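Me: I'm new to this one. Can we go through it piece by piece?
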Amino acid sequence: MNHFMDMLNKHIMPLATKLGQNRYLTVLRDAFMLSFPLTMFGSIVVVITNLPFFNDATKATLTSLLGNGQNATMSIMTVFVTFGIGYYLSDSYDVDGIFGGAVAFASFLILTPFMMTTDKGVDVSGVLSLDRLGAKGMFLGMIAAFIAAELYCRFTKKGWQIKMPDGVPPAVSKSFAALIPAVLTLTIFLAVQAAVTGLFNVNLHDVIYEVIQKPLVGLGSSLPATLVALFFVQLLWFFGLHGQIIVNSVMDPIWNTLMLENLDAYKAGRALPHIITKPFMETFTVGLGGSGMTLAVVILMAFVMKKKQYRDVGRLALAPGLFNVNEPVIFGMPIVLNASIFIPWLIAPLIVTVLNYAVMAIGLVPAPTGVSVPWTVPIFFSGMLATNSVLGGILQLIDVVIVGLIWFPFLKMLDRQKDPLTN
């Protein structure tokens, strides 16, 4: 075991540290967090308009009255992500973030067809389709925003700016300073759009969606890929690195896209296409007491273990654990670098995730609808909100019992270990 830990510490941890400090992954994480309050609002609207005890007529009426709350937030999530990427990437280069965000968003729109085909096959010009601003346009939006912000910052850093006299108001001065970099960046994107459309009679939205987004989303929605991601979350946390932040920086674009596709299907009354989504990961992994599903561990420590040190940590960590904050137990037990509990820490989330996927795949429990539930919502309630069914909450309670059964023999072993400093 020690040899294995040393090998991981030598080869895996430096890579994980670099990923956690990577400029682009950090920007991507912050961009998604920019959209978080808006997606929460949209999710609340979806929950209200689809409460299970409403009949279809009531749901239709509420959707017509309140539906724009969701259309203006979750349905156009790519808008906020592209602006956020432009803003945070520019800011990381010490360039004015507001203009960087605006240029990134405008660059994405340049590549977006202002045309849609109706259900009757009629082409309508001068309009934007919601799916281009939501799930279908997510990956093109991220690619365009990163490239546009990089170009804008590079042009700015070269000093290609119009400098105004000192007496000019700052807002005017900044606008003129951004003029040349913005025009150059947008010109490049317009040239690319014209070339792709003129030479190949296609648009980059469809190309990126078919070539990059669909394969990645298909991979990310699979159970094996999810288990690999969870494995690294647990492994990184064991060494004291925030596994959730590091892994989510890579996986969030995929999981959020899957979430939006489920939401679109749910609103349209179609079968949900995915089980693995962002709400699945938040509700049925983190939502069981925090990273590692430690609510059961905290309960056992607080009320079953005999050593005072563990009882005290368990009781201290119980209240935060109910809201899925588990740093007190991770660092107080500690779980970090504690080889005695490495096995249950690693395997419990994997076993429970396989179970959750299986019961949803066979239809015993509904899959998450695409509604984004805050990760701090307590167990049972978060499961009901995510699946729009009491079965989601019941499944969470079963998960906690299973995690407790996996951990119990290892905690008893810790309880029996002789330590003169504990009771």
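Me: Start with α8: how many of its residues are buried?
Reply: In α8, 15 of the 20 residues are buried, and the helix is mostly covered. Buried means under 20% relative accessible area, exposed means over 50%, and partly exposed lies in between, with a 1.4 Å probe and protein chains only. This is a predicted model, in which local features need pLDDT of at least 70 and side-chain atom pairs count only at pLDDT 80 or more, while totals for chains, interfaces and linings use all residues. Residues are numbered from 1 along each chain as its sequence is written, and side-chain values use heavy atoms, with hydrogens and water left out.

Me: What span should helix α8 have?
Reply: Helix α8 covers residues 138–157 and should span 28 Å at 1.5 Å a residue; its end C-alpha atoms are 28 Å apart, so the two agree. The expected span is 1.5 Å times one less than the number of residues. Helices are DSSP runs of H or I with at least four residues, strands are runs of E with at least two, and both are numbered from the N terminus.

Me: Which residue follows α8 with a positive phi?
Reply: That is G159, with phi near 85 degrees.

Me: Changing topic, what is the volume of the largest pocket?
Reply: The largest pocket has a volume of about 620 Å³. On a 1 Å grid over the protein atoms alone, a pocket is an open set of points where a 1.4 Å probe fits, with protein on both sides within 12 Å along at least five of seven lines; lining residues have an atom within 4 Å of a point. Points are joined across faces, edges and corners, and the volume is the space filled by probe spheres set on them.

Me: Which residues lie nearest the centre of the largest pocket?
Reply: M33, N248, K278, E282 and W375 do, out of 30 lining residues. α2 (23–49), α12 (243–268) and α13 (278–283) each supply at least two residues of this lining.

Me: How do the residues of that lining divide?
Reply: The lining of the largest pocket has 13 nonpolar, twelve polar and five charged residues. Here Ala, Val, Leu, Ile, Met, Phe, Trp, Tyr, Cys and Pro count as nonpolar, Asp, Glu, Lys and Arg as charged, and the others, Gly among them, as polar.

Me: And what is the volume of the second largest pocket?
Reply: About 360 Å³. Its lining has 19 residues, and M116, S129, L130, D131 and R132 lie nearest its centre.

Me: Which element gives the largest share of that lining?
Reply: α12 does, with four residues of the lining of the second largest pocket.

Me: While we're on α12, is S249 buried or exposed?
Reply: S249, found in helix α12, has a relative accessible area of 8%, so it counts as buried. A polar atom of the S249 side chain lies 2.6 Å from the backbone oxygen of I245.

Me: And T82, buried or exposed?
Reply: T82 is buried, at 0% relative accessible area. T82 sits in helix α5 (residues 77–92), and a polar atom of its side chain is 2.9 Å from the backbone oxygen of V79.

Me: Where is A319?
Reply: A319 is in helix α15 (residues 308–322). It counts as partly exposed because its relative accessibility is 47%.

Me: Last one: what separates the centres of domain 1 and domain 2?
Reply: 40 Å, with the centres taken over C-alpha atoms. Domain 1 is 75–221 and domain 2 is 272–416, with bounds from an automatic or database domain assignment.

Methods:
Polar contact = N/O pair within 3.5 Å; in protein donor to acceptor, adjacent residues only side chain to side chain.
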